[in-house]
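Okay, thanks for coming, everyone.

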Amino acid sequence: MVSGWSESEKYSNLVRRGMLITTSRKPSAKTRTLCKLLSRFITGKCITRGKMGMQQLMEFAEGGPLIVVGEYHGNPGELGFYDDTGNLLFSLRFSDWYSEDIGSYWFSDLEPLLAGQGEIADAFESFFYFKRVESEEVDQLPLRSTVLVAGEKEIDFTDSGKSLFKLNVKGFKKH
């Protein structure tokens, strides 16, 4: 508790109806950074989980979906994608990579587009509801277009044709 407030009171004004992204219970600095980057890219809300259980997280999501950034050996290494009732839909294991200038990058408030083929791209389309474009069309998009390019081995988060950060896929599982 901070200033006599419970965890739910502390975060109640931060999360509005929509996507919530959170960390594992005791996240490393790298995991918190990835959580923030993902939330900025998909225009979701990010909170550090702390001692909150799944029920509290679902209350914060207020009927929206949830992404949990998990760790492997102190580094972000897994994303769990939950529906609005708390059921795990799919999970993705990865090793991460960041662009060197990502900290100073300003993300647009436009909803990202989705490009790519395969099982991961299909799962992302059903989870995020981003407009899907053909991979050949990505180069023809207007400047300042943010695109999540999902492949079987790599997920690339781009803006204006420039890679902002990537996740190197190690495993994908539908639940």
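Let's start with T22, whose bridge partner in strand 3 is V68. Keep in mind that this is a predicted model. T22 belongs to strand 1, which covers residues 20-23. Strand 1 and strand 3 run parallel, and 4 bridges join them.

So is T22 buried or exposed? Its relative accessibility is 0%, and therefore T22 counts as buried. What does a threonine side chain do in there? A polar atom of the T22 side chain sits 2.9 Å from the backbone oxygen of I47. If you skip residues up to four places away in sequence, T22 touches C35, I47, T48, R49, L57, L66, I67, V68 and V69. You'll see V68 in that list too, and V68 is the bridge partner I began with.

Okay, on to strand 3 itself. Of its 7 residues, 5 are buried, so call it mostly covered. Strand 3 also pairs with strand 4, this time in the antiparallel sense, over 7 bridges.

Now the cores. Which residues touch the most other members of the largest nonpolar core? They're F124, F128 and L148, out of 32 residues in that core. Several elements give two or more residues to this core, including helix 2 (29-42), strand 3 (66-72), helix 4 (119-128) and strand 10 (162-174). There's also a second, separate core of 10 residues, and I47, M52, F60 and V68 are among them.

Last stop, helix 4. The buried residues there are I120, A121, A123, F124, F127 and F128. Looking down the helix 4 axis, the buried residues fall within an arc of 160°, so they line one face of the helix. Take F124 from that set: leaving out residues up to four places away in sequence, F124 touches F81, F90, L92, L114, Y129, L148, A150 and I155. Y129 from that list comes after helix 4, and its phi is positive, near 60°.

Technical notes
Residues are numbered from 1 along each chain as its sequence is written. This is a predicted model: local features need pLDDT of at least 70, side-chain atom pairs count only at pLDDT 80 or more; totals for chains, interfaces and linings use all residues. Side-chain values use heavy atoms; hydrogens and water are left out. Buried means under 20% relative accessible area, exposed over 50%, partly exposed in between (1.4 Å probe, protein chains only). A polar contact is a pair of N or O atoms within 3.5 Å; within protein, one must be able to donate a hydrogen and the other to accept it, and residues adjacent in sequence count only if both atoms are side-chain atoms. Contact means heavy atoms within 4.5 Å. A nonpolar core is a set of buried Ala, Val, Leu, Ile, Met, Phe, Trp, Tyr and Cys residues joined through side-chain atoms within 4.5 Å. Two strands pair if DSSP finds at least two bridges between them. The arc is that of the directions from the helix axis to the C-beta atoms.
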